[in-house]
Amino acid sequence: MKLSHLLATAALAVGFAGAAIAEGHEKTKVGFVFVGPVGDGGWTYEHNKGRLAVEEEFGDAVETVFVENVAEGPDSERVMTQMALNGADLIFTTSFGFMDPTINIAAKFPDVKFEHATGYKRADNVSTYSARFYEGRAIQGHIAGKMTESNIVGYIGSFPIPEVIRGINSAYIHAAKVNPDVEFKVIWVYTWFDPAKEADAAKVLIEQGADVILQHTDSTAPQAAAQEAGNVVTFGQASDMIQYAPFPRVSSIIDDWAPYYIARTKAVMDGTWVSTDTWDGIGPGMVGIGEITDAVPADVKAEALAMKAAIADGSYHPFTGPLNKQDGSAWLAEGETADDGTLAGMNFYVEGIEGDIPQ
Amino acid sequence: MIRIEARPQPSAMMAYATPVLAVLLTMVFGGVLFAALGKDPFQAIATIFWEPVFGEFSFYYRPQLLVKGAPLVLIAIGLALGFKAGIWNIGAEGQYIVGAICGAAMGLAFYPTESVFIFPLMVLAGAVGGCIWALIPGVLKVKFGTNEILVSLMLVYVAEQLLASMSLGLLKNPEGFGFPGSRNLQQYPSAHNAELIANTGMHWGVVAALIAVIFSYILLTRHRLGFAIRVTGEAPRAARFGGVNPSRLILFCLGVSGLLAGLAGMFEVAGPAGQISIDFNVGYGFTAIIVAFLGRLNPIGIVLAGLLMALTYIGGDIAQSQLGLPAAAIQVFQGMLLFFLLALDLLTNYRVRFGTPEAAT
């Protein structure tokens, strides 16, 4: 039974490959599978900007297609299969939850290249890529620590996965460095994009005394809630969210996927594409820091920009010892920096953050 | 002048005609919507309804109709039993989640032992889990007279939190580098709800859905209990005089619908989805409510309605990537379907008369 199943799968794969070749397209076709709507103003919005940049760069030589609001699971497998069947040469899947589906479908279409954002599973035709958002979080933490008067910083967490925990740690370390009395309150909303839930979380945090809100979710709802409250500082997440500047939004972390998408599309066109793992930060430009507005005191702004420059040229790493874990055990010695492996799987808070990571 | 007057008897012809009419009206108004978005309406409608079934790649999409339709049908069959009796289980989504958690937990408890007994045990666990979750509003209603609509709906959110907690804690893959989500059951042969015949989409969930349809049909048309369900829905007082025990009926209807929803969740997690993850549920429990009504609460109708909904999902995704239609337009299109169906229900119980009434006012 196993063998027959295997054979059938192989036959299907050959059928798929044949169908894809039969298309006989000369344009390079690039597909994008989005977890949210392209109008979310955050995560998916920026990925879609990357897609548009690919179109602009290569003009008629490429054709891009996308499907938005794709549920993680069997639905995403169907969408990827459909793109591959319709002749896509390169498919970007832009949410962590697309990881296993991407690997499954990539196995059925060995000639199609896949790029999965924020995951850790790779194959001969599957690359992974992500951005070092924690570098931007360090700058946010610095500004937050300086600007809070209640010494309470609210943090809207999406899912307690390493990427998000890393951001909380990085922001806390740098806030506590300039303001030892600072306290972080984290609310987990278990969604990447849900304006209603994000607004509720922001309001709860504000009621609990937070006068700075950091968010790791994609909508502008927390910005709107802060604006309503009047005296609460926020930061744009994933996208610039400039419509809330100069206050409450005082700066932002911007994901800039365009250079990466253009480079990878070019590699497919040139036939030089190989499976890689990319993790870029402020230096290569994958993470951008949105304009720091005048609501931030000039000296704080200067310090933040200095930190940005130091991170960009590699002279400063946001996770530099001495740092202890939350339970007080030693993590990094004086001057030691965190290795990528630990950062990639980070599942602990640093010393000083109260509360538990949901388990 | 146009008047609307009550029919002495609900029209049987209209009861069958309205779903078809609703689909046609949806196509017309959907076409107008797509045209307003600057797309060729005929091409868009054809992409949604024709492409998955008869298009170039239908060899792939047809099995997907079963994969997508099976959980909808399985859940809707259970819901329809209750709806017929006026018992409103709105929380199938939660029962679906709990069934999946219980089924997956049972399988993972045995990991990595291989045995033919594991999968049947998982099926049992999924069914019991969903059933118990649905019996909570049932028991509360029977004992304390609470509203089952509210309680079952609220329990969906409880189940979602439970799902998140399981993905991050108890069921988390120990080899997952700290990322949330369980082991992938597709890579655990004894627990994998694989396709029974490769590339047909036919997995145990499809089989279970077909069995449920047959049993539900027999129950409703041939069995005393089915009669009790119908009478309770149509004339509760008469049912009580006729010796129907309302408490038992409530527990039966909620229990069975929970059981079927739990099974749907279990087959999904062990098959197409593969793993328990925070975003495991995608709304089958809520869409099944539409399917149940679109199918006129009739088992055969539900099969057709389930396949139709599956078609709009699959065709909708194709239309998105091939024609660049926004996802929201597809959702509006699906919403129209339910809207027209409910609006046209008027025609079953009322008729439209033209001209002034003969009896002078």
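Let me begin at A:Y190, which sits in the loop between β7 and α7 of chain A, the helix α7 covering residues 195-207. This is a predicted model, so please hear every value that follows as computed from predicted coordinates. Phi of A:Y190 is near 55°, a positive value in a residue other than glycine. Is A:Y190 buried or exposed? It counts as buried, because it has 22 C-beta neighbours inside 10 Å, and the cut-off for calling a residue buried is 20 or more.

There is another residue of this kind in chain A, namely A:N69, which has a positive phi of about 55° although it is not a glycine. A:N69 is placed in the loop between β2 and α3 of chain A, and A:N69 too is buried, since 20 other C-beta atoms lie within 10 Å.

Chain A is divided into domain 1, residues 2-131, and domain 2, which is made of 133-254 together with 286-344. The C-alpha centres of these two domains of chain A lie 32 Å apart, and the contact between them takes twelve residues from domain 1 and 15 residues from domain 2. On the domain 1 side, helix α2 of chain A, residues 43-58, gives the most, with three residues. Taken by class, that side of domain 1 has six nonpolar, four polar and two charged residues.

I turn next to the sheet that contains β2. It is an open sheet of six strands in chain A, with the order β2-β1-β3-β4-β5-β11 and parallel pairing. Its edge strands are β2, at 62-67, and β11, at 277-280, each of which pairs on one side only, and the twist from one strand to the next averages 15°.

From chain A itself, helix α4, residues 99-108, lies across β3, β4 and β5 of chain A and runs at about 170° to β4(A). The buried residues of α4(A) are A:M99, A:D100, A:P101, A:T102, A:I105 and A:A106, and what covers them includes α3, β3, β4 and β5 of chain A.

Strand β6 of chain A, residues 152-157, pairs with β7(A) in the parallel sense over six bridges, and A:Y155 stands opposite A:V186 in β7(A). In the loop between β9 and β10 of chain A we find A:P248, and the peptide bond joining A:F247 to A:P248 is cis, with omega about 10°.

Now to the meeting of the two chains, where 36 residues of chain A are in contact with 31 residues of chain B. On the chain A side, the elements giving two or more residues are α1, β2 and α3 of chain A, and α3(A) supplies the largest share, eight residues. By class, this side of chain A has 19 nonpolar, twelve polar and five charged residues.

Chain B has a cis peptide bond as well, from B:Y111 to B:P112, with omega near -5°, and B:P112 lies in the loop between α5 and α6 of chain B. B:R3 is found in strand β1 of chain B, residues 2-6, and B:R3 is exposed, because 12 other C-beta atoms lie within 10 Å. The C-alpha atoms of B:R3 and B:V352 are separated by 5.8 Å, although the two residues are 349 apart along the chain.

Last, a word on confidence. The mean pLDDT of chain B is 89, and 98% of its residues reach 70 or more, while the model scores ipTM 0.79 and pTM 0.82. Where pLDDT is low, the predicted coordinates should not be read in detail.

Terms used:
Residues are numbered from 1 along each chain as its sequence is written. Chains are lettered from A and ligands numbered from 1 in the order in which they are written. This is a predicted model: local features need pLDDT of at least 70, side-chain atom pairs count only at pLDDT 80 or more; totals for chains, interfaces and linings use all residues. Two strands pair if DSSP finds at least two bridges between them. Helices (H or I, at least four residues) and strands (E, at least two) are DSSP runs, numbered from the N terminus. Axes are lines fitted to C-alpha atoms, for helices over the stretch in contact, and angles run from 0 to 180 degrees between N-to-C directions. Two residues are in contact if their C-beta atoms, placed from the backbone, lie within 7 Å. Ala, Val, Leu, Ile, Met, Phe, Trp, Tyr, Cys and Pro count as nonpolar, Asp, Glu, Lys and Arg as charged, and the others, Gly among them, as polar. pLDDT is the predictor's confidence in each residue, from 0 to 100. Domain bounds come from an automatic or database domain assignment.
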